[in-house]
Amino acid sequence: MAATVQGYRIRGATQLILILFGQSIGFAGYILTGLFRDNAVPAQWPVLAICWYGLGVLVHIGARIAIPYADPVILPITLALTGIGLATLHRIDLTSGTSPMLGNQFVALVIGVALLLVIVFLVKDPRRLKGYPFLLSALGFLLLLLPLVPHLGTEVYGSRIWISVGGFSFQPAEIAKIVLAASFAAYLADKTEVLALAGRRILGLELPRMRDMGPVILMWVLSLAIMVFENDLGTSLLFFGLFVMMIYVATARVSWIILGLILFGAGGAFVLKFAGHVQRRIDFWLHPFDFPNDATQIIQAQFGLSHGGLLGSGWGLGRPDLIIFSYSDMISAATGEEIGIVGLMAIIVLYGLLVFRGLKTSLVATDIFVKLFAAGLSFAFLLQTFAIIGGVTRLLPLTGLTTPFMSQGGSSMIANWILVATLLVISNQARRPQLQAAVGPEGVTALGEEYTQVFSTRELAQIGTGTIRPVLPIATQQVRLGASGNVVPDDNEWTGNDELTQAVPVPAPEPPVVPTPAISPPAPTPAVPPPASSPAVPAPAPAPVPASAPPVFSAPVVPGSGVTRPTSPGPTAPGPTPPAPHDPEEDDYFGRGMD
Amino acid sequence: MNKQIRHVGVFSALMVFALLANLTYIDLGRQASLEANPYNVRARQAEFDVHRGQILAGDTVIADSIPSTDQSSFSFQRVYANGPLYAPVTGFYSYIYGSSRIENSYNSELVGSSSSQWLQNLIDTTSGRTPQGASVVTTISPTLQQAAAKALQGYDGAIVAMDPHTGAVLAMVTSPSYDPNLLASHDLGAVQTSWQQLTTDPSNPMTDRSTREIYPPGSTFKLIVASAALEKGYTPDTMIDTPSSVQLPGSTSTLSNSSDCGNTQVTLARALQLSCNTAFANLGVSLGASTVRAEAEKFGFDSPHLPEVGGVASTFPATLDNAQLMMSSIGQYDVAATPLQMAMVVSTLVNGGQQADPYLVQEVRAPDLSVLYEHQNKVTPVVSASTAQSMQDMMVQVVANGTGTAARIPGVTVGGKSGTSQTDADNPDYAWFVCYALNPDIVVSVFLQRDEKTPVNLWGGANAAPVAKEVLQASR
């Protein structure tokens, strides 16, 4: 596993500014609704502004204290989407004639945010979950099948994916996607090597061994059961897709994906043939206008989006009252009608960005379980969003899933805030400087692995004034742990992270580091090739630095990851350095652009 | 593992892209059809909030939108002055039941969404003015329309009056009619009740008998057969056999004259004057089915006219044996025509054999009175000028000394042709009289329909001709 981890600067101010900006989108929607409908700013606006922005500042402060290194974009996107959802619900409240939903939804949001704060303050190490794969699986399956329990499950528009307890309805799939992502990750982290073993080769496709197929068959049966008995293609696709994706990430074997698609396709075709209600959904999707009295949701959503046009009718000026369930399943159509196709596209891009940040978190995490967990959560979130918005916009057959953060409904809101909290905790752990890990119980045993401690400009200044002391007794930013556990000074190198501003040599505290004879004299020290299994930072280029002399402050910067950084010309500048060996693994084409 | 995670990232990006592409498709590919979909309440609602343009008959406003005063959410109320009189022209405009006739065919102009109005709309919208629809000016003459309705009182049927030289429809009356105000009401419950009543009324008040229904034209069709004969070299003096009855080939049925034609031979002019059935049956057979059909089609059969009100095509049977040809030559069997079509036949003959395409909308005017559309006359040659002149002379004889004497107006050149079509000899169903008067030139087509309310038999000469005469006189 990768041991070299880039630390990230704390970006508190960025996060706060983004949060306030994201929140303002929804708040502007609320104000505009009042202006467009009644020619007046709503009377309660100061109260709402205080509650709404107060919540944003609160969650920011909480996150800043508990998880300072967590991705600074996840929370702003979440709050932006929540705000747009709240504004839409408020707007529907004005014309629905039923009891207002805004208050309840805000309470659900507060509960969600409270849970987020609890999680980020209490859960320090998400790896704990690794220990309970079977407990988690059992819990996840139980949740998924809960709607089938008589008197507990309720059928809404043909789909049986809700349970109803004491007047509260709840979509167990919302929680199940988190639990199952954890259980899959725990199971796969354990079985990666076994599952990657090849079995028989059929038609040029290396199939997994039959004995490894058990969990796949189990998931397949469960997905088909959901499709048949809960009558929801979206939920079924969500969990099977999540499982197939995670098994692919864990094993790197495309054959699992092909196998999954074949299984799901065959099962789906079988279900279609014998379960009429799924076929009905597909008919409504393909020919909604042949069913003007039954496919009204899809028809009205289409009318709304097309009548709203590119720029929309404006907040409060659409007709969500014509769309059944405009506040839950169809909320993207209700919003899209008023803020236009362009506005709905922006919402979709926000969802996409959130998912990409989640995947980026997975990329930078070190632990296999944590990587799988973060990737699974992100992909499940994307699948859900894709299924419901795709259904509403007639890209797919309509399913009964909720639109995360926007749909009315406490369970969805709370579950998705838990999901975000989990991602944030993982992100914080993955992005913070990993030196503790180096001296941790596992860290020191890692022979020949590299650790990097990095500092921001501000931290550098603080080190200079003595405000911060480096955590480790190291001489340079880059150290090598020898077999004996000795810290070996090594060349300075640029780690290739955009957020880093400068590599820093740290004054060596007592006792002074003594190079071991085995490595000495290493002038110039040859680069240590990264272990084959590790997507490590490219080897540092040799620099003519005497081993005994600590590097000067303005250390030469070597291009890492093929990205050239301007170097501050120092006395030890090595001149033009050849580009580091290009490791395609390291070519961060996906994550980099978004940092 | 990071490689696979990146693959998942790329796949996720593709999914997001699919959503975005689909939305683009909704806007670019589906928007037009979705907006035009009859189930699209939003589009209609938007129309109802527009200051819809007027429909005028000359200078008279026959459909208008006034600011709504009721409690409904609609900003404007559509009002039809003298609704039943102009209903076949304006049609109705209903929130629930859509629209018809000009309200339907000129909807985009009336709403202001036609392509010629987009710039004005943009200016209006950006300058804060409420966009207003354009006005549609029809060719209807309120005087003639009212006179025609008055003349038709007591009958079920229709009258079409037109200018033979331009094709302008001057009057278009159907009876019984209905009040489109009933359907334009904002009291949607009342609208539903009215719709129920109107659509279940056995007299079919919402049926436009002038342009959208076809009936056997009877002896008025003889004008087309006679024109075909003249075009084929016959003269008004050509003698034709007219026995008292002919046996229909291949059957035991006979066809007899309903007037005294002498039972030997008559000239073509005399046969038209007295409406000799056997003469025209024989004439039709000697011309041949294809000649008669070709002539009917040149006069406008088998193609729809007046699309502004959804006019339908008159029909001439595609295949005929001789018996059917005999019956068709006197306007029976499966020959069927709209009153408009028969007016077009006479118009063509009055206009020297050149048929002016009938039209109902003279121009479309923007709210600033600039003209967005103006009708251009379209003329098609049908028969030679000499044929047309001979036919006019023969039609004058019909009115002077034939079956159409009831339409005579002293000192005025009036020509015409009566028609009575029937399902059996004792029970005439439809009475026709098509005629024209010169200086000013006008063509009138009268069609009367027998139903339960008018138990007396109807005859073209006796019943329809006097009605036509009233309309002719009103035009002077």
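This is a predicted model: local features need pLDDT of at least 70, side-chain atom pairs count only at pLDDT 80 or more; totals for chains, interfaces and linings use all residues.

Student: Let me begin with chain A. How many helices and strands are there in chain A?

Tutor: Chain A holds 16 helices and 8 strands.

Student: How much of chain A do buried residues make up?

Tutor: Chain A has 595 residues, and 50% of them are buried.

Student: How do I read its contacts?

Tutor: Look at how far apart the partners lie in sequence. Take the contacts in chain A with a separation of 6 or more. Of these, 70% join residues 24 or more positions apart.

Student: Now a sheet. In what order do the strands of the open sheet in chain A lie?

Tutor: The order is E1-E2-E3 (chain A), with 3 strands and antiparallel pairing.

Student: Why do E1 and E3 of chain A stand at the edges?

Tutor: Strand E1 (153-156) and strand E3 (168-170) of chain A each have a single partner strand, so each has one side without a neighbour in the sheet. Direction ignored, neighbouring strands of this sheet are turned by 45 degrees against each other on average.

Student: How many bridges join E1(A) to E2 of chain A?

Tutor: There are 3 bridges between E1(A) and strand E2 (residues 159-165) of chain A, and the two run antiparallel. Follow one of the bridges: Thr154(A) has Trp162(A) in E2(A) as its partner.

Student: On to the contact between the chains. How many residues does the contact take from chain B and from chain A?

Tutor: Chain B gives 27 residues and chain A gives 39 residues. On the side of chain B, helix H1 (2-36) and helix H2 (41-48) are the elements that give two or more residues. H1(B) supplies the largest share, 21 residues.

Student: How do the residues on that side of chain B divide into nonpolar, polar and charged?

Tutor: There are 14 nonpolar, 7 polar and 6 charged residues.

Student: What should I look for in the backbone?

Tutor: Look for exceptions. Most peptide bonds are trans, and most residues other than glycine have a negative phi.

Student: Which residues does a cis peptide bond join in chain B?

Tutor: One such bond joins Ser175(B) and Pro176(B), with omega about -5 degrees. Pro176(B) sits in the loop between strand E8 (169-175) and helix H8 (181-184) of chain B. The bond from Asn439(B) to Pro440(B) is also cis, and its omega is near -10 degrees. Pro440(B) lies in the loop between strand E18 (428-437) and strand E19 (442-449) of chain B.

Student: And phi? What is the phi of Asn82(B)?

Tutor: Near 60 degrees, a positive value in a residue other than glycine. Asn82(B) is in the loop between strand E3 (76-79) and helix H3 (83-90) of chain B. Asn82(B) counts as partly exposed because 17 C-beta neighbours lie inside 10 Å. Arg101(B) also has a positive phi, near 50 degrees. Its place is in helix H4 (residues 101-105) of chain B.

Student: Is Arg101(B) buried or exposed?

Tutor: Arg101(B) is buried, because 25 other C-beta atoms lie within 10 Å.

Student: Why does Asp260(B) count as exposed?

Tutor: Count again: Asp260(B) has 9 C-beta neighbours inside 10 Å, so it counts as exposed. Asp260(B) is in the loop between strand E11 (254-256) and strand E12 (265-267) of chain B. Asp260(B) and Cys276(B) are 16 residues apart in sequence, with 7.9 Å from C-alpha to C-alpha.

Notes
Residues are numbered from 1 along each chain as its sequence is written. Chains are lettered from A and ligands numbered from 1 in the order in which they are written. Helices (H or I, at least four residues) and strands (E, at least two) are DSSP runs, numbered from the N terminus. A residue is buried if 20 or more other C-beta atoms lie within 10 Å of its own, exposed if 12 or fewer, and partly exposed in between; C-beta atoms are placed from the backbone. Two residues are in contact if their C-beta atoms, placed from the backbone, lie within 7 Å. Ala, Val, Leu, Ile, Met, Phe, Trp, Tyr, Cys and Pro count as nonpolar, Asp, Glu, Lys and Arg as charged, and the others, Gly among them, as polar. Two strands pair if DSSP finds at least two bridges between them. Axes are lines fitted to C-alpha atoms, for helices over the stretch in contact, and angles run from 0 to 180 degrees between N-to-C directions.
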